[in-house]
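Welcome, and thanks for taking a look at this one. Here is a short tour to read alongside the sequence and the 3D view.

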Amino acid sequence: MIETIGLTKKYGSFYALQDLNLVVEEGHVFGFVGANGAGKSTTFSILATLLQPTAGDAFINGMSVTEKPHEVRAQIGYMPDFFGVYDQLKTDEYLDFYGASYGLKPKEREQLIPKLLELVNLEHKRYDYVDLLSRGMKQRLCLARALIHDPKILILDEPASGLDPRARVEMRDILKELKAMGKTILISSHILPELAEMCDSIGVIDSGKLIAQGSVHEIQARLQHEKIINVKVAGSLEAAVAFFENDPFVSRIVAVPDKGMLHFSYKGTDVQQIELLQKAMAQQLPIRSFAEEETDLEDVFMAITKGADVR
Amino acid sequence: MKTLLANPVLVKELKLRFRNIKSFSGILFYLVAMSVFVFGFIFLTTSLTGSGFFRPTESFLLFSMMSYIQLGLILFITPGLTAGTISSEREKQTLNILLTTSQTSFQIIFGKMTSSVAFLLLMIVAGLPIYSLVFLYGGVSPGQIAVIFMFYLLTLLAIGSIGVLFSTLIRRTIVSMITTYGTMIFLTVVTGFFLLISLQISQYGNAMPNFSPMSYFWASINPPVVLLTLLQPAVADQILNLATVTFPLWAGYFIFYSVLTAAAIFLSVKRLRVNMHKYK
């Protein structure tokens with residue numbers, strides 16, 4: 001379990017992180033979303049015992065990062081957003097070095113390395129030099145490195161940043177596998193949709209403050225004051241437009257004759273929305289489809305980070 | 001000891017160092033330079049005197065010159081090898097990952113330091129066969145060589161630990177290197193200058209030697225002066241007489257550089273990671 005209580009990091013008068021209170025339950029995947037410089041990496045650095053907080057504390061499996069940093073290190077697998085590799089070191093030697101750094105015995109390392117390389121699809125690169133691997137491969141290798149001591153908690157700072165779409169998908173598949181293995185994962189990204197699929201809950205951070213926290217759907221619901229509803233009609237659009245115009249919760253109706261559809265903003269509740277559809281059916285309007293438009297998560301993210309506190 | 005040497009950083013550093021062609025070419029260049037010097041010296045001495053003999057006194061002179069060359073090598077190579085150990089990891093963005101492993105700060109510093117020292121020792125040992133040529137002509141005892149090698153070891157440990165300390169404290173390798181070279185020059189050149197000044201001041205206007213602890217101090221921390229006293233014990237007596245101090249110079253050197261090494265390693269270990277408790 002990961003917990004932060006009033007975690008704060010201040011540089012002079014500038015707050016890089018302000019009063020962060022966060023709980024990630026065991027086996028959960030928590031996505032941390034925020035623009036560059038919002039405070040994601042600061043949080044992760046404190047959790048990884050690399051940065052001293054100005055106030056507050058963070059706990060990894062109940063152990064304080066400020067009181068027991070050495071014990072905390074053994075519990076976490078940390079992957080920074082930017083990292084380098086050693087020149088002239090082969091992939092298996094790279095993992096062997098970090099395995100030894102976590103106190104694993106040579107035999108254990110020997111058995112673990114092929115398994116980890118298989119997990120991150122790098123078994124064919126076992127004897128290649130690390131510095132010659134592609135960016136995506138290095139990212140995957142770094143993830144394998146973070147797993148070498150079998151930590152229960154993974155702290156992954158932008159693991160998919162800078163990757164091409166294919167490498168991004170591969171990384172996502174590996175993370176799903178780790179989730180299935182029961183790891184507690186704290187992962188950050190500046191791209192919300194990337195996280196939505198795999199996270200149990202997300203937190204949105206902006207200017208050092210956590211401005212929203214909950215499941216992706218919760219956050220969307222809290223943010224959405226209006227829904228966009230798309231209606232496809234088989235016959236004439238006029239009758240449909242006239243019908244929907246009379247509803248007090250409907251606004252901004254736009255008809256798209258070419259596609260035989262119309263869309264409008266709707267402020268009513270879910271029950272009122274059902275009643276609206278039932279009335280339309282009773283009026284025998286030739287409706288082919290009546291659907292809520294999927295909100296683009298990017299839009300949600302953009303709206304949240306504009307400064308609205310939706311907690 | 002076995003656990004100390006099974007240090008992951010040490011094993012990795014040695015592996016990387018000996019995969020690098022520069023390490024081998026460095027040793028090769030050093031050995032070639034030493035050979036040219038030794039054989040050139042023997043050739044010149046035997047041909048210039050016209051006797052065709054190489055006397056024990058000349059052999060001792062050769063030994064002394066080689067000892068100074070080797071001291072110079074240690075003084076100039078050690079900062080280069082150690083002053084980037086931690087800062088280069090920081091620059092390559094590998095340090096953060098290393099610091100989040102379960103290794104203690106001492107293990108990391110010890111591994112870095114030992115790998116650099118091991119390479120320097122290899123260089124010195126590789127030069128031993130050339131060094132030993134002087135035995136063929138007499139004038140030098142194996143005990144004297146052993147003492148000088150212990151002196152080298154202490155000197156390189158001290159300069160090396162200063163390099164590691166600056167590398168830990170200073171973010172950029174280039175600045176760390178300049179600072180380490182600056183410290184090395186202070187210890188070898190500036191202290192010599194201070195020795196001369198303090199001797200002048202203490203003896204000024206006195207017919208008899210005057211008690212001068214500062215002269216003793218500057219002499220005892222200056223590597224070239226201490227090496228000279230190891231090669232020519234009479235020089236040590238002269239300095240002790242002038243400063244009217246009876247404590248052996250080599251002992252002062254040993255204490256000063258041992259304390260310096262221990263302090264530098266201690267500070268490096270303390271400053272490698274952030275102190276998470278600090279704000280409380």
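**How the two chains meet**

In this predicted model, 39 residues of chain A touch 28 residues of chain B.

**Interface**

- The size of an interface is often given as the accessible area lost when the parts come together.
- Between chain A and chain B, about 3000 Å² is buried, and carbon and sulfur atoms supply 59% of that area.
- How many salt bridges link chain A and chain B? The count is one.
- You can find a salt bridge where the side chains of E93(A) and R19(B) come together, at 2.6 Å from N to O.

**Chain B as a whole**

- Chain B has 15 helices and zero strands.
- Its C-alpha atoms fill a box of roughly 70 × 50 × 35 Å along the principal axes.
- Chain B has 280 residues, and 49% of them count as buried.
- For contacts in chain B between residues at least 6 apart in sequence, 79% connect residues at least 24 apart.
- The accessible surface of chain B is about 13400 Å², with 75% belonging to carbon and sulfur atoms.

**Annotated segments of chain B**

- An unreviewed UniProt entry gives the annotation "transmembrane region" for residues 27-48, 60-83, 117-139, 145-166, 178-201 and 250-269 of chain B.
- Residues 27-48 of chain B are 100% helix and 0% strand, with the end C-alpha atoms 31 Å apart.
- Over residues 117-139 of chain B, the figures are 83% helix and 0% strand, and the end C-alpha atoms lie 30 Å apart.

**A nonpolar surface patch on chain B**

- F247(B), W250(B), F254(B), I255(B) and V259(B) make up a nonpolar patch on the surface, and together they have about 550 Å² of accessible area.
- One of these patch residues, F247(B), sits in the loop between α14 (233-243) and α15 (249-272) of chain B.
- F247(B) has a relative accessible area of 41%, so this residue is partly exposed.

**Two positive phi angles in chain A**

- E158(A), which is not a glycine, has a positive phi near 50°. This residue belongs to the loop between β7 (153-157) and α6 (165-180) of chain A.
- Is E158(A) buried or exposed? Its relative accessible area is 9%, so E158(A) is buried.
- S207(A) is also not a glycine, and its phi is positive at about 50°. Look for S207(A) in the loop between β9 (201-206) and β10 (209-214) of chain A.
- S207(A) counts as exposed because its relative accessibility is 53%.

Note on methods. Residues numbered from 1 in each chain as written. Chains lettered and ligands numbered in written order. Predicted model: local features only at pLDDT ≥ 70, side-chain atom pairs only at ≥ 80, totals over all residues. Heavy atoms only, no water. Patch = residues over 30% accessible without salt bridge, like charges linked within 9 Å, V, L, I, M, F, W, Y side chains within 5 Å. Areas by Shrake-Rupley, 256 points an atom, 1.4 Å probe, with all protein chains shown as cover. Salt bridge = Lys/Arg side-chain N within 4 Å of Asp/Glu carboxyl O. Helix = DSSP H or I, 4+ residues; strand = E, 2+ residues; numbered from the N terminus. Buried < 20%, exposed > 50% of the residue type's maximum accessible area, 1.4 Å probe, protein only. UniProt positions renumbered as here; feature names shortened; annotations may be inferred. Contact = heavy atoms within 4.5 Å. Buried area = accessible area lost by both parts, 1.4 Å probe.
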